[in-house]
Protein chains: 2
Amino acid sequence: MKKTDVLVIGGSAAGLAVATTGKSHYPDKKFLMIRKEEKVMVPCGIPYIFGSLDSSEQNVLPADAIYDKLGIDYNVGEVISIDKEAKKCKLLDGEEIYYDKLVLAIGSTPVVPKWLPGTNLDNVCTIPKNKIYLDRVKDKLQNLKKIVIVGGGFIGVEFSDELSKAGKEVTLVEILPHILSLAFDKELDKMAEDILTNGGIKVNTGIGVKEILGDGEKVTGILLNNGDKLDADAVILSMGYKPNSKLASEAGLRINDIGFICVDEYMRTNDPDIIAVGDCAEKIDFVTRKQTGIMLASTACAEGRIAGMNLFRLSVIKTFSGTIAIFSTSISGTSFGAAGLTEAQAIKEGFNVVTGTFEGMDRHPGKLPDMHKQIVKLIVARESGVIIGGEAIGGKSVGELVNLIGFIIQSRTNIYTLQTAQIGTHPLLTASPTAYPLINAANIVAEKIRFEYVTLVYKY
Amino acid sequence: MKKTDVLVIGGSAAGLAVATTGKSHYPDKKFLMIRKEEKVMVPCGIPYIFGSLDSSEQNVLPADAIYDKLGIDYNVGEVISIDKEAKKCKLLDGEEIYYDKLVLAIGSTPVVPKWLPGTNLDNVCTIPKNKIYLDRVKDKLQNLKKIVIVGGGFIGVEFSDELSKAGKEVTLVEILPHILSLAFDKELDKMAEDILTNGGIKVNTGIGVKEILGDGEKVTGILLNNGDKLDADAVILSMGYKPNSKLASEAGLRINDIGFICVDEYMRTNDPDIIAVGDCAEKIDFVTRKQTGIMLASTACAEGRIAGMNLFRLSVIKTFSGTIAIFSTSISGTSFGAAGLTEAQAIKEGFNVVTGTFEGMDRHPGKLPDMHKQIVKLIVARESGVIIGGEAIGGKSVGELVNLIGFIIQSRTNIYTLQTAQIGTHPLLTASPTAYPLINAANIVAEKIRFEYVTLVYKY
């Protein structure tokens, strides 16, 4: 009979964060991690295996050395059932492990729609976080030319960009009117679309896929909703991910309406000794307070840290306050970042919003080498002035700029605080202090609110 | 008799921010700016005139088009006296201008120590924000080889780097044990020194200058405190700046102990109709609440925005809360950023501090091109866990990363909030979510505090 204090199932970002944070907080407890893969992929690095990196070997999460150092045990294996009354898990090889606390960090699986014919044809691929599968995809794509990517979210866009750079003929198909519309409003989406198009990628938006066509064995193309056919040597489905919650539901744990394992702000399931974190765990939107399906490795890590801290002792100041959804990506040298709600989402959710967009430069003076245009859009709740969303486009500094915007949203900062905030600026690193887009976007929002107020005062 | 509602003296960052913010808040008021220079330099861009930029023309603040658009009048001229009872200013050409509100954004002047012999020799230069003077310096340096720079603050370091790249033999002399010690603790300072040294710059720290030597006309070298002599074709003094407060003191305004014009949190002097902003205005440190002498264009802009908002109507939520001093710079491709107090300063000021330093990478996986080591150090007040300082070294994203740290300090965030904070990460733009140096530095601090606590509990 094997026994551990903490059993962590899953070795990706969330599992790693729980195990390392937990062990640091409770050094006397025994931690054991069971994961399916021998070598775990850095999740957001996966698109870059297909271009910028030589192979998937360069994208392996360097976690084992950390576990060894901290004294965390780990094994490759698959848990097939949980007995929450007896507090034990059963593995595929028949082994049973007893736990005091169980952590489910069991991730998500690419969506393959049942209604879509042809998905089991050869050369139709998805993008799971699985090194062996991905290596096979990479091998296959090597000698194929025409690639159709279905789904214009971040994964679809990043794959399009990488594969196009690698010399493939890429067509991106998105059923919504714009790509990346979870993160960006349409005027900013448009810039991403233009960059892809200028890079030689065909972008088809507002059109769904009806069928994947094949010769009985291999894929040959796709049929669109409008009747058009596109030739394809390979099709990549990036149509979202669904949480891996089967293990939990079979164990009798509560699952929410959209398939995620229900958790509270300490990341506990309805069994107080079972914790769920990462893609499989329920997410509540920070602003709307509704369930959301957005899965991000960075959110998973925040959840994992919080779960690790609260494993054996609760701390009221260490709770998860809801998903802010901080995205960033880089497409052909232009970086895109977003946090919180888009304007369109905020309006749809019932917020009375004011927005401000400022376009500047990320170096000053603008004549310096390496300068990139920088655009910041802020989405603000009119009554309180609280910032509920932000979008940024620019050079590589957008990655950290959007983290600043995310922190601002998380702190429920209002535009007046942002207007009076101090920032540091440097010619070679940032916009100028007189035209710093984030602050100037807040100024624009404040001016709009002031102007409305003055207009109303004059009117009544 | 000329009259304006708001008279702004000075056209650099602070003056620009007051005028544009003020006009936006009070569009019915008449704004007039009087500035000394026809063409105003982007202040922090000045070092780059000497290398990365072709000429000072590329470093001109593009403000006039903004003033024209907003309806702000501006003139070149010099105000020589203020009559605060009559509410008028007198210009060098004899003109008098009456004002309702007067804004002093009159900047600072390079320090030239009176005790230092030889400062008036030819080819001894300072770095004022004056295009004509700087153009003359650039012309002079053209045919000179050996440059000694006195003072290892940001200006001294940036000039060293730029001039060395332009082929000069540069020696940097700093009287303190380390360069940049206002912003960085010594272990991080050391990295900046190493980069300069590897770039061929001689760095002499812990040694003061006794005399500037010459042939009666031109400079020939410097004599150090330890008796050593250094040859020099030119000497650049970057020994700090003193606030331009003479105009204010002659007008009977209150001046603080270190020479700055006294102001309150709305940036008002002791005359409620006279406002001072930027380098000339008193600064209180955000953390220590003591007077500070740190002058930054970004601080000046924050002060300017606040002054502009409060010109005719006060708003309690739009006050200046004290200088956080957010610095950033880039030396030969490595970027350095700092906000708040260093560990050494915090200890000296009487804080009981815990620090945490994490070294990671600013891309993930680390095999991606363009990867740079990233180090973050946090300085935390032990009792409250509130973050009072941060230092970062890495690639160019450090410019925005340190703005995030600055905002964290400004929000009086504690490490537990930071540990549970969500950040966005992307392989091409940021560190990984599992090893994000800012969060991991907070984890290290928290672990130290926990460990101390456990040790104490066991002991007593």
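**Chat about a predicted two-chain model**

Tutor: Helix 7 of chain A is mostly covered, with 13 of its 13 residues buried (20 or more other C-beta atoms within 10 Å of a residue's own, C-beta atoms being placed from the backbone). Helices here are DSSP runs of H or I with at least four residues, strands are E runs of at least two, and both are numbered from the N terminus.

Student: Okay, and what span should helix 7 of chain A have?

Tutor: Its 13 residues (297-309) should span 18 Å at 1.5 Å a residue, and the end C-alpha atoms are 18 Å apart, so the two agree. The expected span is 1.5 Å times one less than the number of residues.

Student: Is this model predicted or what, and how's the numbering done?

Tutor: It's a predicted model, where local features need pLDDT of at least 70, side-chain atom pairs count only at pLDDT 80 or more, and totals for chains, interfaces and linings use all residues. Residues are numbered from 1 along each chain as its sequence is written, with chains lettered from A and ligands numbered from 1 in written order.

Student: What's the mean pLDDT of chain A?

Tutor: It's 96, and 100% of the residues of chain A reach 70 or more; pLDDT is the predictor's confidence in each residue, from 0 to 100. For the complex, the predictor gives an ipTM of 0.94 and a pTM of 0.95.

Student: Switching to the contact: how many residues from each chain?

Tutor: 67 from chain B and 67 from chain A, with contact meaning C-beta atoms, placed from the backbone, within 7 Å.

Student: Which helix of chain B gives the most?

Tutor: Helix 9 of chain B, with 11 residues on the side that touches chain A.

Notes. A residue is buried if 20 or more other C-beta atoms lie within 10 Å of its own, exposed if 12 or fewer, and partly exposed in between; C-beta atoms are placed from the backbone. Two residues are in contact if their C-beta atoms, placed from the backbone, lie within 7 Å.
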